[in-house]
Amino acid sequence: MTSALTRIRGRIAALLPGRSDLAQIRRDPRRDLLAGLTVAIVALPLALGFGVSSGLGAEAGLATAVVAGALAAVFGGSNLQVSGPTGAMTVVLVPIVTAHGPTGVLTVGLMAGVMLVALALLRAGKYMQYVPAPVVEGFTLGIACVIGLQQVPSALGVPKPEGDRVLVVTWRALEEFAKDPNWTAVAFALAVAAVMLAGARWRPTIPFSILAVIAATVVAQVAGLDAAKPIGVLPSGLPAPSLAFLDAGALGSLLAPAVAVAALAALESLLSASVADGMTVGQKHDPDRELFGQGLANIAAPLFGGVPATGAIARTAVNVRTGAGSRLAALIHAAVLAVIVFAAAPLVSRIPLAALAGVLLATAIRMVEVGSLKAMAKATRSDALILVLTAVATLALDLVYAVIIGLVVAGALALRAVAKQARLDQVPLDRGDHSAEEHALLAEHIVAYRLDGPLFFAAAHRFLLELAEVSDVRVVILRMSRVTTIDATGALVLKDAVDKLNRRGIVVMTSGIRPGQRQVLDSVGALDLLRLDGREYATTPEAIQGARTHLKHAGVMPALPAQTSRSTSEETEETVG
């Protein structure tokens with residue numbers, strides 16, 4: 001018990017900030033200050049928009065950006081990561097709000113935070129790297145489509161219809177707009193989106209999102225446009241931390257959504273941290289520490305009324321491009337947003353909802369990397385299938401199911417590709433020092449097969465079925481030096497094939513069984529069968545000599561001088577194997 005607690009304490013200590021973090025913060029604080037200010041300007045409309053889209057309101061988005069952004073900056077595993085509310089998380093939260101209400105979302109965020117901390121302590125961060133690129137590209141494309149469709153009601157200036165399926169909600173919003181068009185809202189949304197997209201091409205370093213939102217707010221106020229519905233009253237500050245939302249009786253029903261939120265937070269945060277590493281030289285994130293930081297951020301955010309948070313790829317990219325060198329930049333971003341919450345809440349509350357919808361529409365469009373999609377689609381048919389399937393599942397089902405479907409299909413296709421590498425080839429007997437007559441007599445009664453590649457469940461039955469059908473010979477030699485791996489299924493199928501051949505009076509001899517394969521063969525009893533009467537040999541020449549001796553005792557061949565040597569390079573290779 002004491003040793004276990006000591007290990008846990010040591011593990012937690014390894015995940016906490018250290019002196020190296022402080023030293024890095026001191027290197028160039030002025031650059032980090034500028035980067036933090038820039039990211040805060042970019043993050044403000046996104047935090048407001050994602051808060052509104054989640055169903056908990058703009059104030060929830062701001063609280064998340066401040067609280068989660070600060071904690072993830074301090075305790076996270078990346079020096080450049082910026083965290084907060086994201087579009088991907090919003091996609092998952094909308095059905096939770098519909099089913100369980102705002103308190104359900106806060107509870108789910110708290111539970112997900114605890115799960116992320118547990119994953120960090122279990123060192124699970126390294127396993128996220130095994131998610132295939134087509135799955136990532138597919139759900140990114142699906143998320144972009146969902147985010148864009150979620151903005152349709154606000155962009156059209158109609159109340160959000162009931163429902164948790166984005167396609168259904170979008171259709172109902174279009175029906176409402178057709179009955180009573182609100183062209184003012186449409187104009188605001190399209191204008192903001194157009195300014196952001198055109199500005200990003202013209203001057204990528206200028207935060208056109210905040211400029212467009214400010215312009216839209218000024219026009220709406222000066223012109224007195226009632227059709228441009230504003231965000232509404234925002235609290236001038238963060239609420240006091242509270243656990244009043246927690247309902248212990250609902251924890252069981254919220255477990256599945258919490259797992260989904262934790263999985264998404266882990267995946268998106270580690271993906272964003274990897275992107276940051278790729279944009280810099282000499283930076284490398286700690287995946288377990290990143291999970292720990294995101295866990296603490298998601299535990300704290302609900303206490304202040306915030307939604308679950310993740311690492312944000314777009315804001316992280318802005319942070320890197322503007323020269324951030326340490327986690328101080330992300331911390332300043334959170335501090336600036338906190339000042340805005342306390343000092344400018346009345347001004348922020350006047351921003352038209354349609355303007356925020358335009359920001360998110362432009363964000364959804366910019367999420368789609370056309371070049372990456374084309375490259376993935378051209379790579380292989382399997383990659384293209386996984387990408388499309390994941391994207392469609394994200395749009396039709398939800399993100400978690402989409403990722404699971406993508407992983408399952410990717411795994412199945414990968415197994416199929418690996419299984420195709422396994423081969424069973426009949427090979428001619430080496431002449432050695434035998435005369436032509438002796439070699440012909442050997443070839444008439446002996447057949448040799450070379451097993452290449454993995455002998456596992458996805459490949460074994462295909463070619464070992466062919467092996468069991470061998471006929472018109474006295475001895476079968478299995479050359480196994482090129483078997484790369486073998487599992488229990490492969491060993492069982494091999495045992496079954498050998499047993500069938502033995503029952504038909506055909507002797508099976510083996511050569512080149514590797515030491516690492518013996519445990520699997522022995523566990524299912526196959527090794528005993530292969531060792532029967534000393535029929536296992538280290539090399540193929542020895543197996544051929546053993547087959548010749550067997551045929552001599554059976555009266556098929558006359559007594560011949562022992563042959564034990566070959567001069568070919570293949571003999572040398574098999575002797576080593």
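The accessible surface of the chain amounts to about 26,300 Å², and carbon and sulfur atoms account for 63% of it; such areas were computed by the Shrake-Rupley method with a 1.4 Å probe, and for residues only the protein chains shown count as cover. The model is a predicted one, in which local features need pLDDT of at least 70 and side-chain atom pairs count only at pLDDT 80 or more, while totals for chains, interfaces and linings use all residues. Residues are numbered from 1 along each chain as its sequence is written, and side-chain values use heavy atoms, with hydrogens and water left out.

The chain contains 26 helices and eight strands, defined as DSSP runs (H or I of at least four residues for helices, E of at least two for strands) and numbered from the N terminus. Its radius of gyration is 33 Å, whereas a compact globule of 577 residues would have a value near 25 Å; the radius is taken over C-alpha atoms, and the globule rule is 2.2 Å times the number of residues to the power 0.38. Along the principal axes, the C-alpha atoms fill a box of roughly 110 × 60 × 50 Å.

Of the 577 residues, 51% are buried, where buried means under 20% relative accessible area, exposed over 50%, and partly exposed in between (1.4 Å probe, protein chains only). Among contacts with a separation of 6 or more, 82% join residues 24 or more positions apart, a contact being heavy atoms within 4.5 Å.

Charged side chains were examined next. The chain carries 47 positive and 42 negative side chains, and the centres of the two sets lie 7 Å apart. Lys and Arg count as positive and Asp and Glu as negative, without His and the chain ends, and each charge is placed at NZ of Lys, CZ of Arg, CG of Asp or CD of Glu. Side chains of opposite charge can pair when their charged atoms come close. Eight salt bridges were found in the whole structure, each defined as a side-chain nitrogen of Lys or Arg within 4 Å of a carboxyl oxygen of Asp or Glu.

One of these salt bridges joins Asp21 and Arg289, with an N to O distance of 2.8 Å. Asp21 belongs to helix H2 (residues 19-25) and Arg289 to helix H12 (residues 287-300), so the pair ties together parts that are 268 residues apart in sequence. Asp21 and Arg289 are both buried, and together with Arg327 they are linked in a network of salt bridges.

A further salt bridge connects Asp452 with Arg450 (3.4 Å, N to O). Asp452 is buried at 8% relative accessible area, and Arg450 counts as buried at 16%. Asp499 and Arg503 also meet in a salt bridge, at 2.5 Å from N to O. These two residues lie four residues apart in helix H22 (residues 488-503), about one turn of the helix. Asp499 is partly exposed at 26% relative accessibility, whereas Arg503 is exposed at 58%.

Two loop residues complete the description. Pro132 is located between helix H5 (87-121) and helix H6 (133-150) and is partly exposed, with a relative accessible area of 23%. Apart from residues up to four places away in sequence, Pro132 touches Leu407 and Ala410. Ile513 occupies the loop between strand S7 (507-511) and helix H23 (515-523) and is buried, at 8% relative accessibility. With residues up to four places away in sequence again excluded, the contacts of Ile513 include Met480, Arg518 and Leu527.
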